[in-house]
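Student: I have a model open and want to learn to read its features. Can we go through them one at a time?
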Amino acid sequence: MSAPMRIAVVDPGSGNLASVLRALDRAAADAGIPIAAAVTRDAAEAAAADRLILPGQGAFAACMRGLAALPGMVETLEQRVAAGTPLLGICVGMQIMAERGLEHGVTPGLGWIQGEMAPMTPRDPDGAPLPLPQMGWNTLEFPAGGHPLLAGIRPGEHAYFVHSYALSGYRPDQVLATTEYGGPVVAIVGRGNVAGTQFHVEKSAAVGLRILANFLRWTP
Amino acid sequence: MLALRVIPCLDVKDGRVVKGVNFVSLRDAGDPVEQARTYSREGADEVTFLDIGATHENRDTMYDVVSRTAAEVFIPLTVGGGVRSVEDVRRLLLAGADKASINSAAVAEPDLVTRAAEAFGSQAIVVAVDARQVSPGRWEVFTHGGRKGTGIDALGWAERMAAAGAGELLVTSMDRDGTKSGFDLDLLRAIRARVRVPIIASGGVGTVGHFVEGARAGASGLLAASVFHYGEFRIADAKAALAAAGLPVRPLAEVA
């Protein structure tokens with residue numbers, strides 16, 4: 001038997017990561033992949049992992065601050081990403097992969113994905129403002145076609161979103177999926193061995209579990 | 001398109017479901033974890049637990065229920081009832097809840113909503129507004145399960161709570177609750193016109209048509225308890241009615 005795949009779920013200090021761990025365990029069991037997943041705030045543990053998950057909740061600036069407060073963590077993530085370790089950002093963890101965030105002032109992000117996280121201003125076809133945050137299940141479309149993370153997922157299937165900021169100024173070739181909320185909204189970004197979902201994979205039922213299983217199988 | 005959310009609510013007391021679903025397949029109709037799992041399989045877009053009669057002593061039971069549910073049910077989970085402090089919110093979120101719903105404590109201490117939103121983000125904070133109509137176009141906020149009037153105007157309160165950091169409002173009509181006569185649509189429209197955050201409509205569902213009415217009145221989520229518990233209709237029936245009315249839903253085919 002081979003050793004289980006080591007997954008580090010990096011904790012930027014925002015709290016509820018139990019759901020991410022549980023969803024990973026379920027996705028791995030369904031996929032028949034032995035994993036050892038753990039939440040960590042330790043750069044050495046992150047450096048030793050086979051795959052990295054970067055979750056996040058709350059505000060962009062707070063999440064970046066939390067990550068920067070972990071000694072050596074940002075540098076470790078940058079090194080591992082450069083070395084080819086697959087990394088998945090979730091929600092604010094996806095957002096901080098952008099160049100900067102505009103929530104509570106301008107905050108530099110990790111800069112792995114082109115663009116900035118700007119406030120959404122969604123309106124319905126009649127021009128009336130749509131509720132914010134966007135909260136709930138919305139459909140996924142795949143403008144660039146297939147990607148290993150999307151295997152088995154059909155356009156039009158739903159994922160669970162909660163956000164008020166969205167990626168703008170992006171490169172179309174870094175957008176793997178969009179959704180529609182008063183116009184197209186970036187739902188999944190990807191570049192090389194990093195990817196990020198604006199929605200909560202761990203709360204997106206079968207669709208989310210499939211994306212997690214795809215991430216475990218991904219060999220970018 | 002963003003789908004309307006159909007949300008079953010489970011009343012939980014001392015770790016047991018008070019009004020249980022009558023599905024023949026259930027081994028233990030009183031087990032909230034099994035109930036939540038069943039609802040998730042039936043197509044629920046979210047599940048809400050309401051801890052009724054929550055006391056300081058039995059909180060640990062609820063955290064355990066939340067933790068066991070989150071291990072098996074991969075849809076959003078909201079927990080309300082007896083949430084009185086930032087620490088209560090923290091423990092619920094760490095146990096696996098996605099959102100904590102604050103009601104009476106927000107009235108007693110409005111700043112709690114702001115502090116909780118600053119600590120965990122607005123997306124994790126729901127404020128429950130229990131309202132009773134006092135005159136045409138006027139509603140009053142009630143607390144303690146609708147037993148205590150506060151004299152607070154519900155529309156102004158909804159606005160204030162959204163500004164304080166609530167990411168969502170759970171709007172329950174105490175007049176309609178238990179009557180099966182439909183949501184208080186005037187109340188929903190009046191609050192929708194005043195706040196930008198999503199609204200969950202609650203109180204009064206008796207038919208699948210009531211879900212359609214609630215959605216058209218501006219609710220993003222539609223919550224019901226007894227019609228689901230007693231099997232009068234199923235979540236798929238509510239979604240079929242919404243879809244037939246041209247409203248977006250997450251189809252059952254994606255659930256399994």
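Student: How many bridges join strand 1 of chain A to strand 2 of chain A?

Tutor: Six, and this is a predicted model. Strand 1 covers residues 5-10, and the two strands run parallel. For one pair in detail, take A:V10: its bridge partner in strand 2 of chain A is A:T40.

Student: What is the strand order of the open sheet in chain A?

Tutor: Read it across the sheet: 2-1-3-4-13-12-11. That makes seven strands, with mixed pairing. Next, look for strands that pair on one side only. Here these edge strands are strand 2 (35-40) and strand 11 (175-180) of chain A. The twist averages 20° from one strand to the next.

Student: Which strands of chain A does helix 1 lie across?

Tutor: Helix 1 of chain A, residues 18-31, lies across strand 1, strand 2, strand 3 (51-54) and strand 4 (87-90). It runs at about 170° to strand 2 of chain A.

Student: Why is A:C91 classed as buried?

Tutor: Count neighbours. A:C91 is buried because 29 other C-beta atoms lie within 10 Å, and the cut-off for buried is 20 or more. B:K180 has 15 other C-beta atoms within 10 Å, so B:K180 is partly exposed.

Student: Next, chain B. What kind of unit do strand 4, helix 3 and strand 5 of chain B make?

Tutor: A right-handed β-α-β unit. Helix 3 covers residues 86-95. Strand 4 (residues 77-80) and strand 5 of chain B run parallel, joined by three bridges. One pair to find is B:V79 with its bridge partner B:A100.

Student: How do I read the two faces of strand 5 of chain B?

Tutor: Start from the general idea. In a regular strand the side chains alternate between the two faces of the sheet. Strand 5 of chain B covers residues 99-102. B:K99 and B:S101 are on one side, B:A100 and B:I102 on the other, and all are buried. Both faces are therefore covered.

Student: How many bridges join strand 5 of chain B to strand 6 of chain B?

Tutor: Three, and the strands run parallel. B:S101 has B:V126 as its bridge partner in strand 6.

Student: Strand 6 also pairs with strand 7 of chain B. In which sense, parallel or antiparallel?

Tutor: Antiparallel, over five bridges. Strand 6 covers residues 125-135 and strand 7 covers residues 138-143. B:S135 has B:R138 as its bridge partner. This hairpin has two residues between the strands, and B:G137 takes a positive phi near 75°.

Student: How many residues lie between strand 7 and strand 8 of chain B in their hairpin?

Tutor: Four, and B:H144 in the turn has a positive phi of about 55°. The pairing is antiparallel over three bridges. The bridge partner of B:F142 is B:G149 in strand 8.

Student: Last, the contact between the chains. How many residues does each chain give?

Tutor: Chain B gives 27 residues and chain A gives 32 residues. Sort the chain B side by class: 15 nonpolar, five polar and seven charged.

Conventions
Residues numbered from 1 in each chain as written. Chains lettered and ligands numbered in written order. Predicted model: local features only at pLDDT ≥ 70, side-chain atom pairs only at ≥ 80, totals over all residues. Contact = placed C-beta atoms within 7 Å. Nonpolar A, V, L, I, M, F, W, Y, C, P; charged D, E, K, R; others polar. Pairing = 2+ DSSP bridges. Axes fitted to C-alpha atoms, helices over the stretch in contact; angles between N-to-C directions. Buried ≥ 20, exposed ≤ 12 C-beta atoms within 10 Å, placed from the backbone. Right-handed = clockwise from strand over helix to strand, strands pointing away.
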